Amino acid sequence: MTEFPEITTNIWDIFLAVPLVLIATQLLKNIFPIPPAFVPTVATFIGLIISVFISHRGDLPAGIFMGILYGAAAISFYVSIKLSVRAYRSR
């Protein structure tokens, strides 16, 4: 029977990893001509790198799971702020 990995996270993962993914994605977007359709993929890849090699080193299943979540959280945060600013400006 397959066991689920034990995934531990702490508040620093959220306050460090997600902003790092967001900043790195924005930097790459400004340096290289990345089409908007590929930005979430880039964010997920950066999240995977941070999670697998830094946050959850030694636990590959947990690293993959949390890396995907880091990328998704960074993209969601960016889109949420962008939509809020647009809504505020259109008032």
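Tutor: The crossing of α1 and α3 is right-handed, the near helix being turned clockwise from the far one by less than a right angle. This is a predicted model, in which local features need pLDDT of at least 70 and side-chain atom pairs pLDDT 80 or more, while totals for chains, interfaces and linings use all residues. Residues are numbered from 1 along each chain as its sequence is written, and side-chain values use heavy atoms, leaving out hydrogens and water.

Student: How many helices and strands does the chain have, and in what pattern?

Tutor: The chain has three helices and zero strands, and its pattern, read along the sequence, is α-α-α, with helices (H or I, at least four residues) and strands (E, at least two) taken as DSSP runs. Its C-alpha trace spans about 55 × 30 × 25 Å along the principal axes.

Student: Why are α1 and α3 called roughly perpendicular?

Tutor: The angle between α1 and α3 is about 70 degrees, and their axes lie 9 Å apart, angles running from 0 to 180 degrees between N-to-C directions of lines fitted to C-alpha atoms. The bands are under 35 degrees for roughly parallel, over 145 for roughly antiparallel, 65 to 115 for roughly perpendicular and the rest for oblique; α1 and α3 are therefore roughly perpendicular to each other.

Student: Which residues bring α1 and α3 together?

Tutor: On the α1 side they are D13, A17, V18, V21, L22, Q26 and K29, which meet Y70, G71, A73, A74, F77 and Y78 of α3, a contact being heavy atoms within 4.5 Å. By class this contact has nine nonpolar, two polar and two charged residues, where Asp, Glu, Lys and Arg are charged, Ala, Val, Leu, Ile, Met, Phe, Trp, Tyr, Cys and Pro nonpolar, and the others polar.

Student: What makes α1 oblique to α2?

Tutor: The axes of α1 (residues 11-31) and α2 (residues 39-55) cross at roughly 135 degrees and come within 9 Å, and that angle makes α1 oblique to α2. Here too the crossing is right-handed. From α1 the contact draws on D13, A17, L20, V21, A24, T25, L28 and K29, and from α2 on V39, V42, A43, I46, G47, I50 and S55; by class, these are ten nonpolar, three polar and two charged residues.

Student: How do you know that α2 is oblique to α3?

Tutor: The packing angle of α2 and α3 is about 140 degrees, with 7 Å between the axes, which makes α2 oblique to α3. The crossing of α2 and α3 is right-handed. V39, P40, A43, T44, G47, L48, S51, V52 and S55 of α2 make the contact with L60, A62, G63, I64, M66, G67, I68, Y70, G71 and I75 of α3. In that contact there are twelve nonpolar, seven polar and no charged residues.

Student: What does a search of the whole structure find in the way of cavities?

Tutor: The search finds one cavity of 30 Å³ or more, that is, a set of points on a 1 Å grid where a 1.4 Å probe fits but cannot get out, with lining residues having an atom within 4 Å of a point. The largest cavity has a volume of about 40 Å³, taken as the space filled by probe spheres set on the points. Its lining consists of V21, L22, T25, Q26, V39, A43, A74, I75 and Y78, and the elements giving two or more residues to that lining are α1, α2 and α3 (60-89).

Student: Which helix gives the most to the lining of the largest cavity, and what classes are its residues?

Tutor: Helix α1 gives the most, with four residues, and the lining as a whole has seven nonpolar, two polar and no charged residues.

Technical notes. 1 Å grid on protein atoms, 1.4 Å probe; cavity = no way out; pocket = protein on both sides within 12 Å on 5 of 7 lines; lining within 4 Å.
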